[in-house]
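This briefing is intended for a reader who has the sequence and the coordinates at hand. Please consult the entry below before reading the points that follow it.

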Amino acid sequence: MKRRTFIITGVVVAAGIGVCDLFLLDNESKWKKHPFLYPFILSNILDEGSLRIIGNSYRILRPDENSKVKLLNAITNGIPAIQTNTNDIANQSMEIEKKVEMDFKSGRLLIVKGWVVSETEARQCALLSLS
Amino acid sequence: MHTDARNLDNGTVVTGDICIIGAGAAGISLALEFMNSNYQVILLEGGGFEYDDRIQELYNGKTTGQPYYPMKSSELHYFGGTTAHWGGMCALFDPIAFQKRSWINESGWPITQETLLPYYKRASVNVDIDNNDFDLKYWLKQDPGFVPLPFDEDVVWSKIWKFSKPTRFGTKYRDKIVNAKNVHLYTYANVVDITANESIQKIHTVTAKNYAGKTFTVTASYFILACAGIQNPRILLAANKQVSKGLGNENDLVGRFFMEHAEFKSAELWLYQKSELNLYMNVQPRVRAELAIKPEKQAEFEILNGMVSFTPLDYAKQMPSYIQLWNTPDPRVNEEQSRKAMYRTSGSLMHRLVEKFKSAESKKKHQAFQMTLRLEQSPNPLSRVTLGDQKDELGVPQANLNWAFTPLEKKSIRKIYEIIGQQAGEAGIGRVRLMEELWDPNDETLPVTTSGGWHHMGTTRMSTDPKKGVVDADCKIHGIQNLFIAGSSCFPTGSAVNPTYTIVSLSIRLADHIKDLLGASRNV
């Protein structure tokens, strides 16, 4: 399998698993355990309702990303497929956190409902708001 | 020496070498510099030694534009001036404040920070700060509890403030001035006119009046106007019997470029882990830091200078803005309202009791902090002091103030918080939230809760070019040989720093200059 095909397949599988997981979410204890929906620092500051409000605003701001699949792809984009396609939540969280940090370093920021947030965590909120 | 001018004979002529008009931070600092010299100093103060509402009424006027404090209560009119309600905050104007910045209209001083540094050192004595060490590293060594926020030092830095007691110039220097042999203080001496020679190149006399109906004149070799940023231009504009535009106003600059520090609760810092932010609180030994953006970044983003202070959010939320509290013409009422608001902010009796039993550590640590920005104002010719139609009781037209901003202020505020938000995110310590008034990037207005710091600057700005400034680099009015201005009305830009310490420094520098001039003329 060519490298490019391998990566694309990996991402699609990961996204598929992620989306299935997301449809099964039904309470806070579950969403908090899901790293794709869990902007680590923001969720230590804000309650779920506020995160969802940020998520709703992000989807209005970026209507082209207004779907679970697109958001999940955007969140996991750049993260090695092997790590998104696993149940190792701690590892996934770490990878997402690294991505958030990189967002801040490289200036991939937005102001949503007044919050200066990274693109990735804004997408996490958006995904949460759809779940 | 002291004379209550209400007891003078009408028509008295007083003579001295130097006449200083106004006895606030600038005027008193100037007089102190001449004490025990061979020069006779006449110091004129419009009020007495205590607050007098009828005297304060002479400062009444109208405001337009951005809501401002009532004119009558925006400065104090008695010996010691507005230092009577000074907060005591002292910091250096940064080097960038003096520089020409291409993105800020009419920026740039004809002097540098380096010029002022020796005078800042001397001013430390006047304002009772024990030394002039404003270096962060020095203070970090003094107290291990001082921990700066872990931000990129090339982007955001922590600027040190030192706090005066604060020095009330009226109280501290009254005896010294009154007992000085060569300084003659006249209280109840409101300057109502300035008279020049025929060619308007030299001032002959100033005329002073009071409610007792007494009018007297002062002649001197040099005159220094030291009545702060609203009254200085008012006196110049009102001195219009020889020149209809007023003195020093050939280029229509007197009163223009009024600047304040725009201050408002503009963002919040939410921390992942609770913290004291000890370095940023006002703690013993009366030192604290505020966040500021590095000059290189100000240039990169083409923004104004601003400084951010922190207050625990639960306290800050209960505290109304100063523009809401300081809303009556009587400064005493406003001060009382502010004091009561601060008391209420500390919570109910039960709350205070509960707080008493909390551990010291838990009392100090907070998750959320209000960030208040003090922003320098972009010089704007439409932000100005003019003469009103109404006259005060002594016959001088009242001063009207139009406080006006440019789009650069709002742009700068948003960018400053974006930068701090980015730093907080990158450091992984928390997140920043901008207040709703800042959400719309197309909205260029400042919220009505924007307060000023009672810092009146820029209205007789300094420039080597008479077409761009009222005074030259020595604070002398262009085209007039012996009329000088002391104080913040000479500032071409206002930095993001409270002005008193710089006012005193600049006044000491002016005193040295006048001494040189007097020395030279006596040696001729």
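The model is predicted. For the complex, the predictor reports an ipTM of 0.88 together with a pTM of 0.91. Chain B contains an open sheet of six strands, and chains A and B meet in a contact to which both supply residues.

**Confidence**
- The average pLDDT of chain B is 94, and 95% of the residues in chain B score at least 70.
- Where pLDDT is low, predicted coordinates should not be read in detail.

**The sheet of chain B**
- The six strands of the open sheet follow the order 1-8-4-3-12-20 in chain B, with parallel pairing.
- Strand 1 (2-4) and strand 20 (483-485) of chain B are the edge strands; each has a single partner strand, so one side of each lacks a neighbour in the sheet.
- On average, neighbouring strands of this sheet are turned by 20 degrees against each other, with direction ignored.
- Within chain B, strand 4 (residues 41-44) and strand 8 (residues 183-187) run parallel and are joined by four bridges.
- In strand 8 of chain B, B:Tyr186 is the residue that stands opposite B:Leu44.

**The contact between chains A and B**
- Chain A contributes 15 residues to the contact, and chain B contributes 17 residues.
- On the side of chain A that touches chain B, at least two residues come from each of helix 3 (40-45), helix 7 (89-106), strand 1 (109-112) and strand 2 (115-118) of chain A.
- Sorted by class, that side of chain A comprises nine nonpolar, four polar and two charged residues.

Terms used. Residues are numbered from 1 along each chain as its sequence is written. Chains are lettered from A and ligands numbered from 1 in the order in which they are written. This is a predicted model: local features need pLDDT of at least 70, side-chain atom pairs count only at pLDDT 80 or more; totals for chains, interfaces and linings use all residues. Two strands pair if DSSP finds at least two bridges between them. Axes are lines fitted to C-alpha atoms, for helices over the stretch in contact, and angles run from 0 to 180 degrees between N-to-C directions. Two residues are in contact if their C-beta atoms, placed from the backbone, lie within 7 Å. Ala, Val, Leu, Ile, Met, Phe, Trp, Tyr, Cys and Pro count as nonpolar, Asp, Glu, Lys and Arg as charged, and the others, Gly among them, as polar. pLDDT is the predictor's confidence in each residue, from 0 to 100.
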